[in-house]
Amino acid sequence: MVLHKFGEKLYSGLVTTMTSHLKEISNSIEAAQGGLFLDELNRKWAEHNKALQMIRDILMYMDRTFIPNTHKTPVHELGLNLWRDVVIHFHAIQSRLQAILLENVRRERSGEVIDRGLMRSITKMLMDLGPSVYQDDFEKHFLEVSADFYRLESQEFIESCDCGEYLKKAERRLNEEIERVSHYLDTRSEVKITNVVETEMIESHMHRLVQMENSGLINMIVDEKFEDLGRMYCLFRQVSNGLVLIRDVMTSFIRDTGKQLLTDPERLKDPVDFVQHLLDLKDKYDKIITSAFRNDKTFQNALNSSFEYFINLNSRSPEFISLFVDDKLRKGLRGVTEEDVELVLDKVMMLFRYLQEKDVFEKYYKQHLAKRLLSGKSVSDDAERSLIVKLKTECGYQFTSKLEGMFTDMKTSQDTMQGFHASHGSDIGDGPMLSVQVLTTGSWPTQPITTCNLPAEILGICEKFRNYYLGTHTGRRLSWQTNMGTADLKATFGKGQKHELNVSTYQMCVLMLFNDADRLSYKEIEQVTEIPTSDLKRCLQSLACVKGKNVLRKEPMSKDIADTDTFLFNDKYTSKFFKVKIGTVAAQRESEPENQETRQRVEEDRKPQIEAAIVRIMKARRVLDHNNIVAEVTKQLQSRFLPNPVVIKKRIESLIEREFLERDKGDRKLYRYLA
Amino acid sequence: MHKLGRGHRDKVQQFMTITGASEKLALQALKASDWHLEGAFDFFYGQQSHIKSYTNTTHLEELYKRYKDPYTDMILVDGITLLCNDLQVDPQDIVMLVVSWHMKASTMCEYSKEEFFTGLQALGIDSLEKFRERIPFMRSELKDEQKFREIYNFAFGWAKEKGQKSLALDTAIGMWQLLFAEKQWPLVDHWCQFLQARHNKAISRDTWSQLLEFARTVDPALLNYDAEGAWPYLIDEFVEYLNENGIIQNGQFK
């Protein structure tokens, strides 16, 4: 027919015929009852497709020539369009189709089993009918209805479930929807429906979930419910600000916990225990972040900044961390494998990094290290050196050069002692055995020189050593640091029991007096030894007032040392140990006044550092305004401490005074470097 | 004078009061500047600088001999006291500071011969009479803002001990009382009290010069005080002191 130019007639005839045929089909579909509706529709659709194929084959010539020329819709497409317009969009069918499809979904959601294959065919049909048919006729409504459904359900759940249960349910529903899509919906619907579920079930209730009493985020953290936390993380990740919420709540909880820990006076009494608690806290949260929060970097950062925040709330933190290290290096790490030692030291370094006042830590660390080295009480030389290396890596050579100097002195002293004994060994004979550590002044913590009169026996050998040393090292000055030494004394008590007493040098001086007298008053002891009052009192206290170590008796038996007390040699002293340690050499938490003093010294030390930074900056910039100087100085010094802007200002003025800088004539806020 | 209009008459009067010039000079200056006072001042002071070429060195020598110390070639305390008597001026009078400034004197209570000559020549003085006549002029210089600043800053170096970098607190307070009596700074007494109570140390040059700026630019109720203004820390502490003690409250100065 086409060849004979009857294409138009053929085409329009096709249209008409098909249309009327389809109208009949519509009617029959409409007539179908209840459950059979879909079935009927499906069957008729399958038939139509088959028919279309045949028609297309038959009319292929027209399809290829007439239709393109006249820009008419190709046969197959025409067939689909007609199906769409006549059948599907026939109003009776359209609304019913939609309703049934949605009803099926609802039934499935409440647990019924539906014919998924049939659903699949229908949705496929809709997709085949054109890009927007699936969306407009089905998907749009599907999403709306689902939203309502989940809104209701989530409301129900949230009233009746605790957080963990709720999240489980939400997760289950999500998985169901994903499965549904894979079975009988367009894959592109997946992200849309999951969005709906997430919005209704998670986003709308996320605050309430997190804050839920007895089961919310905080409880999960405290009870270490990793699975629940992991689930919450995954679910909340899908909604905007979900993770932000978790992170914020967790962060403020950590901060509060930390703050409490740092301001609790009970906790602060034992520094080692306190630091251990900090480490435990960090471990706990690290574990949560790795196992439940997928090592999320933003959470790691939040944890770090929280720690940084509260560790610096207490100005004693640097001291305590050093005391913790001291305890470990003294005894805590005894018998521990090398690997585990490294682990502990790395944890210490982690805490160190959080400190704002690293220079304070340095001061205490130096003091404690000095005590450890001099009393020979370090558990492992390797461990000590390992920590120094870590500090050097973190802070640079300057930080550790003095510390390394201390180690060098110890080694050198060993050699010196060998030399001394080699040359003087014969002289000593029965006299006291002397062991000297020669300390280079700059490397060791500064100590004020104190008076102390050594017993005659000791003086002799000390002089011998001094002469020996100065003989080989000219131009040096030696001064005995009587407040840092120790002595081992062999003592015999009333019933002949012998003990070896390990005491401080001061204590040795006091005890030796009792070789010539049985009782001595405080004043007499003070006069002869010339030991400074507070040190003497402390020394006598540990000799006379401590149970198990009271080699002296005191009259009266009060707890404190008074100027009027009298001391007697305690004949009746017993101990089950042969060797008794009485010396107070271990590093201890400073008393308040001592702490103040150390603070003072730190502040004094900071002044030249600030000035050096100012001069460096001004030398480079030549001219700079006040606020920028403060910012630059702060930046330069931040690895050691946080400088106080008022102190910076004072240093600037001091530098103006000393003509390193001047103010600009016109602008007061501007400073100039004077070469 | 009766030929002048009211406005011009007032100006002449004002000019004479401020500069201490004679009526003739006043008229001359005002006419030259078209009856603008500012211009007249410039003209008048400009004139003064030409005068030094008219001083007689011999007379100056005589004057110097009168006051110089018998044993040293300098004018010392006694000489200065005598000079003040001759001028009928109190030795504590601030005009003596102005004199010292003209002389570029290095330290208070003594003048070298060179300083004496420099100063008097700059002022066009070679006799006691002329010296007395110049006193009003010198007083007027204190009213000029630029000159006051120079004199104020000069005072620091002049009042401090030779060889010291800073100015002793007592001396500083004395100088401030003197200088701010001219300048009228309402906070001067509080400032001195504050220093005695809280600071008790010498005053640095920077603090000295910055204080004048503070007095000039910041109002007594501290309304325009800028904490970020890079004021010396002593001044920051002073502000704190004023606030703490309720001297400044809610932007009101009591």
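On a 1 Å grid over the protein atoms alone, a cavity is a set of points where a 1.4 Å probe fits but cannot get out, whereas a pocket is an open set with protein on both sides within 12 Å along at least five of seven lines, and lining residues are those with an atom within 4 Å of a point. The structure is a predicted model, in which local features need pLDDT of at least 70 and side-chain atom pairs count only at pLDDT 80 or more, while totals for chains, interfaces and linings use all residues. Residues are numbered from 1 along each chain as its sequence is written, chains are lettered from A and ligands numbered from 1 in the order in which they are written, and side-chain values use heavy atoms, with hydrogens and water left out.

The count comes to 1 cavity of 30 Å³ or more, and the volume of the largest cavity is about 40 Å³, a volume being the space filled by probe spheres set on grid points that are joined across faces, edges and corners. Its lining is made by A:Ser315, A:Val360, A:Tyr364, A:Asn595, A:Thr598, A:Arg599 and A:Val602. Two or more of these residues come from each of helix 20 (358–375) and helix 27 (592–621) of chain A, where helices (H or I, at least four residues) and strands (E, at least two) are DSSP runs numbered from the N terminus. Helix 27 of chain A gives the most to this lining, with 4 residues. By class, the lining of the largest cavity holds 3 nonpolar, 3 polar and 1 charged residues, with Ala, Val, Leu, Ile, Met, Phe, Trp, Tyr, Cys and Pro counted as nonpolar, Asp, Glu, Lys and Arg as charged, and the others, Gly among them, as polar.

At least two lining residues each are supplied by helix 22 (397–428), helix 23 (456–472), strand 1 (486–492) and helix 24 (505–513) of chain A, and helix 23 of chain A has the largest share, 8 residues. The lining of the second largest pocket divides into 24 nonpolar, 17 polar and 6 charged residues.

Helix packing comes next. Two packed helices are described by the angle between their axes and the distance between the axes; axes are lines fitted to C-alpha atoms, for helices over the stretch in contact, and angles run from 0 to 180 degrees between N-to-C directions. Helix 7 (residues 116–128) and helix 8 (residues 131–160) of chain A pack at about 130°, with their axes 6 Å apart, and are therefore oblique to each other, since angles under 35 degrees count as roughly parallel, over 145 as roughly antiparallel, 65 to 115 as roughly perpendicular and the rest as oblique. Their contact (heavy atoms within 4.5 Å) is made by A:Thr123, A:Leu126 and A:Met127 of helix 7 and A:Val133, A:Tyr134 and A:Phe138 of helix 8, and its residues comprise 5 nonpolar, 1 polar and no charged.

Two details of the backbone lie in loops. A cis peptide bond, with omega about -5°, joins A:Glu555 and A:Pro556, and A:Pro556 lies in the loop between strand 4 (552–555) and strand 5 (566–569) of chain A. A:Asn214, a residue other than glycine, has a positive phi near 70°, and its place is in the loop between helix 11 (206–211) and helix 12 (217–222) of chain A.
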